[in-house]
Amino acid sequence: MSILIWLSLLLIALILQSTLLPLVSFKGIHPDLLLVTVVSCALLSGKENGVGIGFFAGLLQDLVAGSIFGINTLSKLATGYLFGLAERKVFKEHVLLPLLATLVATLFNGLAGVVLLILLGHKVDFITALLQNIVPLMGYNLIIAIPVHHIVYRVVKFTAE
């Protein structure tokens with residue numbers, strides 16, 4: 001039952017991310033709802049769930065995006081694992097947790113994507129990618145971090161019962 005709930009949450013996030021969020025894009029950048037969902041899930045329920053949610057969120061995003069397949073899957077999987085490691089070390093109800101975690105996760109996820117592109121032989125201007133893509137995305141993700149974290153917190157509590 002909990003798998004269906006998490007899959008439904010990811011599908012809703014994917015639909016919102018690919019239909020409504022591009023309407024509020026600035027210079028082609030819009031919030032990464034799936035990334036914020038992965039980070040919140042990993043922080044609240046551990047590395048196993050973080051890896052699973054990260055893998056499926058990245059896979060769904062790769063299937064919809066039509067770009068190089070696997071970049072989002074690998075970067076979100078790694079992000080889910082990394083933030084899942086912190087699950088037992090953080091105070092889950094602290095208001096700053098989703099904000100700080102989202103900032104760091106967006107930076108990590110963006111840098112992981114750039115590194116994967118470089119490893120695949122693509123020419124990427126690192127500074128331009130950082131300043132024109134990753135930093136604005138950090139700001140956008142901050143805006144949605146608290147509401148998404150609250151929703152994921154409720155889903156974690158519901159699936160734990």
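Predicted model: local features only at pLDDT ≥ 70, side-chain atom pairs only at ≥ 80, totals over all residues.

Residues are numbered from 1 along each chain as its sequence is written, and side-chain values use heavy atoms, with hydrogens and water left out. The chain holds six helices and zero strands, where helices (H or I, at least four residues) and strands (E, at least two) are DSSP runs numbered from the N terminus.

**Overall build**

- Along the sequence the pattern reads α-α-α-α-α-α, and the radius of gyration of the chain is 15 Å, close to the 15 Å that the globule rule gives for 161 residues, so the chain is as compact as a globular protein of that length; the radius is taken over C-alpha atoms, and the rule is 2.2 Å times the number of residues to the power 0.38.
- Taken along the principal axes, the C-alpha atoms of the chain fill a box of roughly 50 × 30 × 30 Å.
- Of the 161 residues, 42% count as buried, a term that means under 20% relative accessible area, with exposed meaning over 50% and partly exposed lying in between (1.4 Å probe, protein chains only).
- Among contacts in the chain with a separation of 6 or more, 71% come from residues 24 or more positions apart, contact meaning heavy atoms within 4.5 Å.

**Helix 1 against helix 3**

- Helix 1 (residues 2-19) packs with helix 3 (residues 47-65) at an angle of about 35°, and their axes are 10 Å apart; axes are lines fitted to C-alpha atoms, for helices over the stretch in contact, and angles run from 0 to 180 degrees between N-to-C directions.
- On the helix 1 side the contact involves Trp6, Leu10, Leu11, Leu14, Gln17 and Ser18, which meet Ile53, Phe56, Ala57, Leu60, Gln61 and Val64 in helix 3.
- By class, this contact of helix 1 with helix 3 has nine nonpolar, three polar and no charged residues, with Ala, Val, Leu, Ile, Met, Phe, Trp, Tyr, Cys and Pro counted as nonpolar, Asp, Glu, Lys and Arg as charged, and the others, Gly among them, as polar.

**Helix 1 against helix 6**

- Helix 1 and helix 6 (residues 126-160) pack at an angle of about 165°, with their axes 10 Å apart.
- The two helices, helix 1 and helix 6, are therefore roughly antiparallel to each other, on a scale where angles under 35 degrees count as roughly parallel, over 145 as roughly antiparallel, 65 to 115 as roughly perpendicular and the rest as oblique.
- Ser2, Ile5, Trp6 and Leu9 of helix 1 meet Ile151, Val152, Val155, Val156, Phe158 and Thr159 of helix 6, and the residues of this contact divide into eight nonpolar, two polar and no charged.

**Single residues**

- Lysine 27 lies in the loop between helix 1 and helix 2 (33-45), is exposed with a relative accessible area of 75%, and has a positive phi near 55°.
- Most residues other than glycine have a negative phi.
- Leucine 97 is placed in helix 5 (residues 96-119) and is buried, with a relative accessible area of 12%.
- Proline 98, also found in helix 5, counts as buried at 5% relative accessibility, and, not counting residues up to four places away in sequence, proline 98 touches Ala145, Ile146 and His149.
- The C-alpha atoms of proline 98 and leucine 43 are separated by 8.7 Å, although these residues are 55 residues apart along the chain.
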